[in-house]
Amino acid sequence: MIRAISAAACAAAVVLCPLAARAADYKIDGSRLTISGTFYGDREFDDFTTMVRKDPAIKTIVMKQFYGGVNMSNSLSFPKFIRESGLATEVDGPCFSACATAFVGGVRRGLAPTADPNKTVVGFHGAYQAGRVYEPFEITYVNAIRRYTGGRMSEAMIRRAYWLPQNGFLAFFDPRRGTNEKGQSVFVCTGKEKRQVADCEALAGVDGYKVGVFTH
């Protein structure tokens with residue numbers, strides 16, 4: 001059962017997530033490449049793509065407490081590269097912002113075998129500039145998420161996530177491995193709630209499989 005969730009995004013370094021590393025860390029174990037920490041721009045994206053291209057054994061990208069990045073320049077390049085490379089994605093721990101966008105690029109998407117389903121969440125929100133929603137990027141973002149979820153996440157749902165306050169997010173837990181006491185696994189948080197999931201708005205009748213966030 002889902003126990004708790006912070007009502008603020010990881011980028012703000014608040015209670016849901018431990019402080020992010022200063023840069024992304026990588027670990028290759030057979031066919032799995034694990035990324036943790038934070039992307040900080042195009043150079044790290046280039047490092048990632050180079051590793052994948054040099055090692056054809058890599059088939060799955062594991063995002064372990066990976067907090068995405070800060071550059072819009074690579075936020076949609078990441079899922080595009082993953083999808084075009086035919087890679088699966090798995091998540092282990094909080095996955096917000098650019099991490100969530102990258103995650104849905106996977107041809108197959110689910111929780112890592114070692115993930116704690118009560119603490120592993122995929123969270124979507126908008127792009128921000130100087131603390132405000134960056135409106136010009138909205139249509140591009142909406143179209144990308146629609147495409148990578150196979151059209152299953154509605155435009156209205158994505159737009160709602162995009163326009164949440166900077167500390168807000170649309171959060172998806174894996175309903176096959178953990179829900180709240182009412183069987184709900186999708187929550188809209190504005191950033192003003194306390195730590196308990198119950199303080200965020202739960203979306204009834206929807207889950208991460210129905211809208212294409214998870215596939216297995």
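**Figure 1. Arg 109 lies in strand 6 (residues 109–111).** Strands (E, at least two residues) and helices (H or I, at least four) are DSSP runs, numbered from the N terminus. The model is a predicted one, in which local features need pLDDT of at least 70 and side-chain atom pairs count only at pLDDT 80 or more, while totals for chains, interfaces and linings use all residues. Residues are numbered from 1 along each chain as its sequence is written, and side-chain values use heavy atoms, with hydrogens and water left out. Arg 109 has 5% relative accessibility and therefore counts as buried (under 20% relative accessible area; exposed is over 50%, partly exposed in between; 1.4 Å probe, protein chains only). Leaving aside neighbours within four places in sequence, Arg 109 is in contact (heavy atoms within 4.5 Å) with residues including Arg 83, Tyr 148, Phe 214 and His 216. Glu 90 is 19 residues from Arg 109 in sequence, and their C-alpha atoms are 5.7 Å apart in space.

**Figure 2. Helix 5 (residues 138–148) crosses helix 6 (residues 155–162) at roughly 130°.** The two axes come within 10 Å; axes are lines fitted to C-alpha atoms, for helices over the stretch in contact, and angles run from 0 to 180 degrees between N-to-C directions. Helix 5 and helix 6 are therefore oblique to each other (under 35 degrees counts as roughly parallel, over 145 as roughly antiparallel, 65 to 115 as roughly perpendicular and the rest as oblique). Glu 138, Ile 139, Tyr 141, Val 142, Ile 145 and Arg 146 of helix 5 make the contact with Glu 155, Ile 158, Arg 159 and Tyr 162 of helix 6. These residues comprise 6 nonpolar, no polar and 4 charged (Ala, Val, Leu, Ile, Met, Phe, Trp, Tyr, Cys and Pro are nonpolar; Asp, Glu, Lys and Arg are charged; the others, Gly among them, are polar).

**Figure 3. Helix 1 (residues 42–54) and helix 3 (residues 77–84) cross at roughly 5°.** Their axes come within 11 Å, and the angle makes the pair roughly parallel. Phe 45, Phe 48, Thr 49, Val 52 and Arg 53 of helix 1 meet Ser 77, Phe 78, Phe 81 and Ile 82 of helix 3. This contact has 6 nonpolar, 2 polar and 1 charged residues.

**Figure 4. The largest nonpolar core has 52 residues.** Such a core is a set of buried Ala, Val, Leu, Ile, Met, Phe, Trp, Tyr and Cys residues joined through side-chain atoms within 4.5 Å. Phe 48, Phe 124 and Phe 172 have the most contacts inside this core, and helix 5 gives the most to it, with 5 residues. Not counting residues up to four places away in sequence, Phe 124 touches Tyr 141, Ile 145 and Phe 172, among others.
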